[in-house]
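The following exercises concern the architecture of one protein chain. Please work through each task before reading its solution.

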Amino acid sequence: MTDATDTARVQSLMQGAIDLHCHSGPSVMARALNHEQALEQAADAGMRAVLFKDHYYPTGPFVDVLKEAGKATRAEPVGSIVLNNAVGGINPFAVEPALKCGAKVVWMPTVSAANHIREGHRKSLLPTKGKMLKQVALSAVDARGELLDNVKHVLDIIAEHDAVLSCGHLHISEVWPLFDEAKKRGVTRLLVNHPSYTVGATLSDVKELVSMGAWIEHSICMFIPNRMKVYDDAFLKALIEAAGVERTFFGSDLGQTNAPLPVEGFRQIIGLLLSLGYGDDDVRKMVNTNAAQLAGIGANQG
(Lines give C-alpha, C1' and ligand atoms only; values in the text may rest on other atoms or scores of the structure.)
Protein backbone atom coordinates (compact mmCIF):
# COMPACT_ATOMS: atom_id res chain seq x y z
CA MET A 1 0.00 0.00 0.00
CA THR A 2 1.43 3.40 -1.01
CA ASP A 3 1.69 6.42 1.25
CA ALA A 4 -0.94 8.13 -0.91
CA THR A 5 -3.31 5.20 -0.40
CA ASP A 6 -2.65 5.26 3.35
CA THR A 7 -3.38 8.99 3.50
CA ALA A 8 -6.59 8.61 1.50
CA ARG A 9 -7.72 5.75 3.73
CA VAL A 10 -7.12 7.77 6.88
CA GLN A 11 -8.91 10.76 5.42
CA SER A 12 -11.86 8.59 4.47
CA LEU A 13 -12.12 7.33 8.04
CA MET A 14 -11.94 10.89 9.37
CA GLN A 15 -15.28 11.59 7.72
CA GLY A 16 -17.93 11.62 10.43
CA ALA A 17 -15.42 11.10 13.28
CA ILE A 18 -16.48 12.36 16.71
CA ASP A 19 -14.27 13.73 19.49
CA LEU A 20 -15.97 13.55 22.89
CA HIS A 21 -12.88 14.72 24.79
CA CYS A 22 -11.46 17.96 23.40
CA HIS A 23 -9.54 20.32 25.72
CA SER A 24 -9.84 23.56 23.79
CA GLY A 25 -9.96 26.92 25.52
CA PRO A 26 -10.36 29.42 27.05
CA SER A 27 -9.08 27.78 30.21
CA VAL A 28 -6.90 28.36 33.24
CA MET A 29 -4.80 25.60 31.69
CA ALA A 30 -2.59 26.39 28.70
CA ARG A 31 -4.46 25.61 25.46
CA ALA A 32 -3.29 25.58 21.86
CA LEU A 33 -6.68 26.51 20.38
CA ASN A 34 -10.08 27.80 21.40
CA HIS A 35 -13.49 26.15 21.04
CA GLU A 36 -14.32 27.86 17.76
CA GLN A 37 -10.98 26.87 16.24
CA ALA A 38 -11.38 23.29 17.45
CA LEU A 39 -14.80 23.06 15.83
CA GLU A 40 -13.58 24.67 12.60
CA GLN A 41 -10.57 22.37 12.32
CA ALA A 42 -12.75 19.33 12.96
CA ALA A 43 -15.24 20.44 10.32
CA ASP A 44 -12.45 21.04 7.80
CA ALA A 45 -11.28 17.46 8.39
CA GLY A 46 -14.79 16.10 7.85
CA MET A 47 -15.51 15.30 11.49
CA ARG A 48 -19.09 15.15 12.77
CA ALA A 49 -18.91 16.59 16.30
CA VAL A 50 -16.62 17.89 19.03
CA LEU A 51 -17.28 17.92 22.77
CA PHE A 52 -15.58 20.71 24.71
CA LYS A 53 -14.32 19.65 28.13
CA ASP A 54 -12.92 21.99 30.76
CA HIS A 55 -12.06 21.01 34.31
CA TYR A 56 -13.26 24.32 35.73
CA TYR A 57 -16.46 25.44 33.98
CA PRO A 58 -19.45 24.08 32.02
CA THR A 59 -18.94 24.49 28.27
CA GLY A 60 -22.58 24.41 27.15
CA PRO A 61 -22.88 28.20 26.80
CA PHE A 62 -20.10 28.15 24.20
CA VAL A 63 -22.20 25.69 22.20
CA ASP A 64 -25.08 28.16 22.15
CA VAL A 65 -22.80 31.05 21.18
CA LEU A 66 -21.30 29.09 18.28
CA LYS A 67 -24.70 28.02 17.05
CA GLU A 68 -26.14 31.53 17.27
CA ALA A 69 -23.11 32.87 15.36
CA GLY A 70 -23.64 30.35 12.57
CA LYS A 71 -20.39 28.53 13.35
CA ALA A 72 -21.97 25.10 13.86
CA THR A 73 -23.30 24.31 10.38
CA ARG A 74 -20.66 21.75 9.37
CA ALA A 75 -19.82 20.05 12.67
CA GLU A 76 -21.79 19.88 15.90
CA PRO A 77 -20.40 21.44 19.09
CA VAL A 78 -21.25 19.57 22.29
CA GLY A 79 -21.05 20.86 25.85
CA SER A 80 -20.19 19.13 29.12
CA ILE A 81 -19.76 19.77 32.81
CA VAL A 82 -17.07 18.41 35.14
CA LEU A 83 -18.08 18.22 38.80
CA ASN A 84 -15.00 19.70 40.41
CA ASN A 85 -14.81 22.25 43.24
CA ALA A 86 -15.13 25.08 40.71
CA VAL A 87 -18.83 24.24 40.20
CA GLY A 88 -19.49 23.29 43.82
CA GLY A 89 -18.36 19.68 43.50
CA ILE A 90 -20.91 16.94 42.86
CA ASN A 91 -23.56 19.60 42.76
CA PRO A 92 -27.08 18.97 41.39
CA PHE A 93 -27.66 22.74 41.20
CA ALA A 94 -24.80 22.98 38.68
CA VAL A 95 -25.78 19.87 36.72
CA GLU A 96 -29.39 20.85 36.01
CA PRO A 97 -28.71 24.16 34.20
CA ALA A 98 -25.72 22.65 32.39
CA LEU A 99 -27.90 19.93 30.88
CA LYS A 100 -30.49 22.53 29.91
CA CYS A 101 -27.78 24.56 28.17
CA GLY A 102 -25.89 22.40 25.69
CA ALA A 103 -24.23 19.75 27.85
CA LYS A 104 -24.55 16.07 26.95
CA VAL A 105 -21.89 14.62 29.29
CA VAL A 106 -21.57 14.95 33.06
CA TRP A 107 -18.13 14.04 34.32
CA MET A 108 -17.57 13.06 37.93
CA PRO A 109 -14.69 14.97 39.60
CA THR A 110 -11.33 15.09 37.83
CA VAL A 111 -8.84 17.56 39.31
CA SER A 112 -10.87 17.60 42.54
CA ALA A 113 -11.24 13.83 42.83
CA ALA A 114 -9.58 12.41 45.94
CA ASN A 115 -8.15 9.70 43.73
CA HIS A 116 -6.65 12.29 41.34
CA ILE A 117 -5.16 14.24 44.23
CA ARG A 118 -3.53 11.08 45.61
CA GLU A 119 -2.07 10.41 42.16
CA GLY A 120 -0.84 13.99 42.00
CA HIS A 121 1.36 13.46 45.04
CA ARG A 122 3.37 11.03 42.92
CA LYS A 123 3.37 12.87 39.60
CA SER A 124 2.26 16.16 38.10
CA LEU A 125 -1.30 15.98 36.80
CA LEU A 126 -3.06 18.73 34.84
CA PRO A 127 -0.94 21.80 35.68
CA THR A 128 -2.60 25.23 35.43
CA LYS A 129 -1.22 28.56 34.17
CA GLY A 130 -0.44 29.67 37.72
CA LYS A 131 -0.95 28.91 41.39
CA MET A 132 -4.55 28.16 42.36
CA LEU A 133 -6.46 27.30 45.50
CA LYS A 134 -5.71 23.86 46.85
CA GLN A 135 -8.41 21.42 45.77
CA VAL A 136 -10.76 19.90 48.34
CA ALA A 137 -10.69 16.14 47.78
CA LEU A 138 -14.03 14.81 46.50
CA SER A 139 -15.36 11.28 46.49
CA ALA A 140 -18.62 9.73 45.33
CA VAL A 141 -18.80 7.52 48.44
CA ASP A 142 -18.62 7.93 52.20
CA ALA A 143 -16.20 6.22 54.59
CA ARG A 144 -18.26 3.02 54.43
CA GLY A 145 -18.25 2.97 50.64
CA GLU A 146 -21.90 4.08 50.41
CA LEU A 147 -22.88 6.45 47.62
CA LEU A 148 -23.48 10.01 48.84
CA ASP A 149 -26.96 11.55 48.65
CA ASN A 150 -25.84 14.44 46.43
CA VAL A 151 -24.45 11.90 43.96
CA LYS A 152 -27.82 10.14 43.86
CA HIS A 153 -29.53 13.47 43.18
CA VAL A 154 -27.13 14.13 40.29
CA LEU A 155 -27.84 10.66 38.89
CA ASP A 156 -31.57 11.40 38.90
CA ILE A 157 -30.99 14.59 36.90
CA ILE A 158 -28.75 12.79 34.42
CA ALA A 159 -31.41 10.10 33.95
CA GLU A 160 -34.12 12.73 33.47
CA HIS A 161 -32.13 14.34 30.64
CA ASP A 162 -30.86 11.05 29.15
CA ALA A 163 -27.31 12.40 29.42
CA VAL A 164 -23.99 10.59 29.63
CA LEU A 165 -22.45 9.84 33.03
CA SER A 166 -18.66 9.68 33.00
CA CYS A 167 -16.74 8.40 36.00
CA GLY A 168 -14.15 11.16 35.57
CA HIS A 169 -11.07 10.50 37.68
CA LEU A 170 -12.79 8.52 40.42
CA HIS A 171 -11.04 5.33 41.48
CA ILE A 172 -12.41 2.07 40.11
CA SER A 173 -13.55 1.17 43.63
CA GLU A 174 -15.93 4.16 43.47
CA VAL A 175 -17.05 3.43 39.93
CA TRP A 176 -18.76 0.13 40.81
CA PRO A 177 -21.27 1.59 43.32
CA LEU A 178 -21.69 4.70 41.15
CA PHE A 179 -22.65 2.74 38.04
CA ASP A 180 -24.77 0.24 39.98
CA GLU A 181 -26.85 3.05 41.45
CA ALA A 182 -26.93 4.94 38.15
CA LYS A 183 -28.50 1.97 36.40
CA LYS A 184 -31.08 1.58 39.18
CA ARG A 185 -32.04 5.24 38.74
CA GLY A 186 -32.45 5.01 34.98
CA VAL A 187 -29.10 6.25 33.64
CA THR A 188 -28.44 4.35 30.42
CA ARG A 189 -25.31 6.07 29.09
CA LEU A 190 -22.27 5.06 31.17
CA LEU A 191 -18.75 6.15 30.24
CA VAL A 192 -15.33 5.18 31.58
CA ASN A 193 -12.56 7.42 30.28
CA HIS A 194 -8.89 6.32 30.13
CA PRO A 195 -9.68 3.31 32.37
CA SER A 196 -6.08 2.32 33.06
CA TYR A 197 -4.91 5.89 33.74
CA THR A 198 -5.86 7.41 37.12
CA VAL A 199 -9.09 5.37 37.29
CA GLY A 200 -6.95 2.28 37.89
CA ALA A 201 -9.09 -0.29 36.06
CA THR A 202 -7.45 -3.57 35.07
CA LEU A 203 -8.18 -5.43 31.84
CA SER A 204 -10.47 -7.69 33.85
CA ASP A 205 -12.26 -4.61 35.21
CA VAL A 206 -12.71 -3.30 31.67
CA LYS A 207 -14.43 -6.53 30.66
CA GLU A 208 -16.75 -6.34 33.68
CA LEU A 209 -17.54 -2.66 33.08
CA VAL A 210 -18.58 -3.47 29.52
CA SER A 211 -20.72 -6.36 30.76
CA MET A 212 -22.69 -3.89 32.90
CA GLY A 213 -23.30 -1.64 29.89
CA ALA A 214 -20.45 0.87 30.06
CA TRP A 215 -18.60 2.33 27.10
CA ILE A 216 -14.81 2.62 27.21
CA GLU A 217 -13.10 5.75 25.91
CA HIS A 218 -9.34 5.82 25.38
CA SER A 219 -7.37 9.07 25.26
CA ILE A 220 -5.53 9.39 21.97
CA CYS A 221 -2.82 11.51 23.61
CA MET A 222 -1.71 8.51 25.68
CA PHE A 223 -0.94 6.32 22.65
CA ILE A 224 0.55 8.54 19.92
CA PRO A 225 4.03 10.11 19.94
CA ASN A 226 3.94 13.22 22.16
CA ARG A 227 4.91 14.34 25.65
CA MET A 228 1.80 12.69 27.19
CA LYS A 229 2.26 9.21 25.74
CA VAL A 230 2.28 6.57 28.48
CA TYR A 231 1.27 3.29 26.76
CA ASP A 232 2.64 1.14 23.95
CA ASP A 233 0.83 -0.41 20.99
CA ALA A 234 0.59 -3.85 22.58
CA PHE A 235 -1.28 -2.46 25.59
CA LEU A 236 -3.62 -0.52 23.31
CA LYS A 237 -4.55 -3.71 21.53
CA ALA A 238 -5.05 -5.50 24.85
CA LEU A 239 -7.40 -2.73 26.01
CA ILE A 240 -9.43 -2.92 22.81
CA GLU A 241 -9.67 -6.68 23.03
CA ALA A 242 -10.78 -6.48 26.67
CA ALA A 243 -13.74 -4.23 25.88
CA GLY A 244 -14.33 -5.32 22.30
CA VAL A 245 -14.52 -3.06 19.26
CA GLU A 246 -18.27 -2.66 19.78
CA ARG A 247 -17.78 -0.84 23.11
CA THR A 248 -14.50 1.00 22.49
CA PHE A 249 -13.98 4.49 21.15
CA PHE A 250 -11.37 7.25 21.17
CA GLY A 251 -11.39 10.86 22.32
CA SER A 252 -8.43 13.08 21.60
CA ASP A 253 -7.88 14.39 25.16
CA LEU A 254 -5.87 17.01 23.27
CA GLY A 255 -5.84 20.78 22.97
CA GLN A 256 -2.91 21.39 25.30
CA THR A 257 0.06 23.47 24.20
CA ASN A 258 3.16 21.64 22.94
CA ALA A 259 1.10 18.66 21.81
CA PRO A 260 -0.59 17.52 18.57
CA LEU A 261 -3.85 19.29 17.79
CA PRO A 262 -7.00 17.18 18.29
CA VAL A 263 -7.60 16.60 14.57
CA GLU A 264 -4.01 15.49 14.06
CA GLY A 265 -4.39 13.15 17.02
CA PHE A 266 -7.37 11.51 15.31
CA ARG A 267 -5.42 11.06 12.09
CA GLN A 268 -2.59 9.43 14.01
CA ILE A 269 -4.79 7.06 16.01
CA ILE A 270 -6.59 5.96 12.83
CA GLY A 271 -3.24 5.19 11.25
CA LEU A 272 -2.15 3.31 14.36
CA LEU A 273 -5.34 1.25 14.49
CA LEU A 274 -4.94 0.32 10.82
CA SER A 275 -1.32 -0.69 11.45
CA LEU A 276 -2.51 -2.95 14.30
CA GLY A 277 -4.67 -4.84 11.81
CA TYR A 278 -8.13 -3.36 12.45
CA GLY A 279 -10.25 -3.07 9.32
CA ASP A 280 -12.01 0.05 8.14
CA ASP A 281 -15.37 -0.97 9.60
CA ASP A 282 -13.89 -1.56 13.06
CA VAL A 283 -11.90 1.68 12.98
CA ARG A 284 -15.01 3.61 11.96
CA LYS A 285 -16.84 2.22 14.97
CA MET A 286 -14.01 3.30 17.29
CA VAL A 287 -13.70 6.88 15.98
CA ASN A 288 -17.25 7.56 14.89
CA THR A 289 -20.36 5.45 15.42
CA ASN A 290 -19.71 4.18 18.96
CA ALA A 291 -19.29 7.72 20.30
CA ALA A 292 -22.37 8.78 18.35
CA GLN A 293 -24.43 6.01 19.92
CA LEU A 294 -23.20 6.78 23.43
CA ALA A 295 -23.88 10.51 23.26
CA GLY A 296 -27.03 10.35 21.16
CA ILE A 297 -25.44 12.12 18.20
CA GLY A 298 -26.77 11.14 14.78
CA ALA A 299 -24.27 8.58 13.46
CA ASN A 300 -22.58 9.75 10.28
CA GLN A 301 -20.28 7.30 8.59
CA GLY A 302 -19.21 9.67 5.82
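The model is predicted: local features need pLDDT of at least 70, side-chain atom pairs count only at pLDDT 80 or more, and totals for chains, interfaces and linings use all residues. Residues are numbered from 1 along each chain as its sequence is written, and side-chain values use heavy atoms, with hydrogens and water left out.

**Exercise 1. Determine the secondary structure content and the overall dimensions of the protein.**

Step 1. The protein comprises eleven helices and eight strands; helices (H or I, at least four residues) and strands (E, at least two) are DSSP runs, numbered from the N terminus.

Step 2. The radius of gyration, taken over C-alpha atoms, is 18 Å, close to the 19 Å that the globule rule gives for 302 residues, so the protein is as compact as a globular protein of that length. The rule is 2.2 Å times the number of residues to the power 0.38.

Step 3. Buried residues account for 55% of the 302 residues, where buried means under 20% relative accessible area, exposed over 50%, and partly exposed in between (1.4 Å probe, protein chains only).

**Exercise 2. Describe the sheet and the helix that lies across β8.**

Step 1. Eight strands form an open sheet in the order β1-β2-β3-β4-β5-β6-β7-β8, with parallel pairing; two strands pair if DSSP finds at least two bridges between them.

Step 2. At the edges are β1 (18-22) and β8 (248-251), each of which pairs on one side only. From one strand to the next, the twist averages 30°.

Step 3. Strands β6 (residues 189-193) and β7 (residues 214-219) run parallel and are joined by four bridges. Leucine 190 has alanine 214 as its bridge partner in β7.

Step 4. Helix α11 (residues 280-295) lies across β1, β4, β5 (164-166), β6, β7 and β8, at about 95° to β8. Axes are lines fitted to C-alpha atoms, for helices over the stretch in contact (heavy atoms within 4.5 Å), and angles run from 0 to 180 degrees between N-to-C directions.
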